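Student: Please go through the terms used for this model and set each value against its cut-off.

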Amino acid sequence: MDAHLRELRYFVATAEELTVTAAAARLFVSQPALSKQLRALERRLGFDLFVRQPRGLALTSQGSALLPVAQSMLEAWDRGYAEARALSHPRQLVVGMQTAVGRDLQRPAVQRFRDRAPGWTVSLRLVGWDDPTAGLADGTSDVAFVWLPISADDIATRILIREPRWVALPEGHALAERAEIPFPLLLDEPFVALPAAAGALRDFWLALDARPAPPVIAAEATAADEVLELVNAGVGIALIAEGNARLYKRPGLTFRPVAGLPPAELALAWRQSDPREAVHLFVDSVE
């Protein structure tokens, strides 16, 4: 019986976390979707991998026997895929990002990297919010500018900038005349949210830790432009980093600082297990 790599990743993450909640956040999938995939895998195998307990999961004897095999297979595949991809694009570095970076970071970093690594090309890749690692998790990016938090294995981060959170409002909104908006005034507003796959990042931009009750979700969007189009249309409002409020300024939108929330953190991220010198040269090129 053959198992797909995705199923093995789901099994390994769940076995290492021993809760579906933590595993789903780590994998950037919803809890119901993960539970469904695990049950389907168990049916195909013909035995249970986990014992369901009130406070989490425990591996069965069969699950314990399969875990080191699955871990070894995934490590071998990831290593082989990285090597094969490097052969396909031997001197190309892919930089992932979720929004326009700006802030005088991207352009000078690329130039410094080119000076230090002659013959290499840099490809910039915009990745949707459904992958908060901006392509690092599946190996389609080599380094990435990301917003924290992210929860993924093997990813190192270095915070580059901390910025206050602002709110994007449609022009003419009742709160738009305020110079600064206390977050409690936004609690009853409908919000445009990142997709559920964004996990902890979705929670951060909804400011869940500052809410006494769950937010009203009016819509979901996978890219910054989608978020702002929905705000402009009056569907909902959205929190946004101060720097992005300037980068994405457009007619029909109003941006205001929000009081009472900790700042957003923009970071550079890379895979810790990636041994290539070019990756570390780029990391060192970002100042």
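Student: Which residues does E7 touch, not counting residues up to four places away in sequence?
Tutor: E7 touches L41 and R44, where contact means heavy atoms within 4.5 Å. This is a predicted model: local features need pLDDT of at least 70, side-chain atom pairs count only at pLDDT 80 or more, and totals for chains, interfaces and linings use all residues. Residues are numbered from 1 along each chain as its sequence is written, and side-chain values use heavy atoms, with hydrogens and water left out.

Student: Does E7 count as buried or exposed, and at what relative accessibility?
Tutor: Buried means under 20% relative accessible area, exposed over 50%, and partly exposed in between, with a 1.4 Å probe and protein chains only. E7, in helix α1, has 8% relative accessibility and therefore counts as buried.

Student: What makes D2 buried or exposed?
Tutor: D2 is in the segment before α1. Its relative accessibility is 66%, so D2 counts as exposed. D2 and L148 are 146 residues apart in sequence and 36 Å apart in space, C-alpha to C-alpha.

Student: Why are α1 and α3 called roughly perpendicular?
Tutor: Helix α1 (residues 5-17) and helix α3 (residues 31-45) pack at about 110°, with their axes 10 Å apart. Axes are lines fitted to C-alpha atoms, for helices over the stretch in contact, and angles run from 0 to 180 degrees between N-to-C directions. Angles under 35 degrees count as roughly parallel, over 145 as roughly antiparallel, 65 to 115 as roughly perpendicular and the rest as oblique. The pair α1 and α3 is therefore roughly perpendicular. Helices (H or I, at least four residues) and strands (E, at least two) are DSSP runs, numbered from the N terminus.

Student: Which residues meet where α1 packs on α3?
Tutor: On the α1 side they are E7, Y10, F11 and T14, and on the α3 side L34, Q37, L38, L41 and R44. The contact residues divide into 5 nonpolar, 2 polar and 2 charged. Ala, Val, Leu, Ile, Met, Phe, Trp, Tyr, Cys and Pro count as nonpolar, Asp, Glu, Lys and Arg as charged, and the others, Gly among them, as polar.

Student: What makes α2 and α3 roughly perpendicular?
Tutor: Their packing angle is about 105°, with axes 9 Å apart. By the ranges already given, α2 and α3 are therefore roughly perpendicular. V20, T21, A23, A24 and L27 of α2 make the contact with Q31, L34 and S35 of α3. These residues divide into 5 nonpolar, 3 polar and no charged.

Student: How do you know that the buried residues of α2 line one face?
Tutor: In helix α2 (residues 20-27) the buried residues are V20, A23, A24 and R26. Seen down the axis of α2, they fall within an arc of 160°, so they line one face of the helix. The arc is that of the directions from the helix axis to the C-beta atoms. The buried residues of α2 pack against α1, α3 and β2 (56-59). Just after α2, F28 takes a positive phi of about 60°.

Student: What makes β4 and β6 edge strands?
Tutor: The open sheet of 5 strands has the order β4-β3-β5-β13-β6, with mixed pairing. Strands β4 (121-126) and β6 (155-163) each pair on one side only. Two strands pair if DSSP finds at least two bridges between them. Strand β3 (residues 92-97) and β4 run parallel and are joined by 6 bridges, and L93 stands opposite V122 in β4.

Student: Why is β3 called largely enclosed?
Tutor: Of its 6 residues, 5 are buried, so β3 is largely enclosed by the rest of the structure. Helix α5 (residues 106-116) lies across β3, β4 and β5 (143-147), at about 150° to β4. Helix α9 (residues 277-285) lies across β3, β5, β6 and β13 (264-271), at about 160° to β13.

Student: How do you know which strands are the edges of the sheet of 4 strands?
Tutor: That sheet is open, its order is β8-β12-β7-β11, and its pairing is mixed. Strands β8 (181-182) and β11 (238-241) each pair on one side only, as edge strands. Strand β7 (residues 165-170) pairs with β11 in the antiparallel sense over 4 bridges, with A168 opposite A238.
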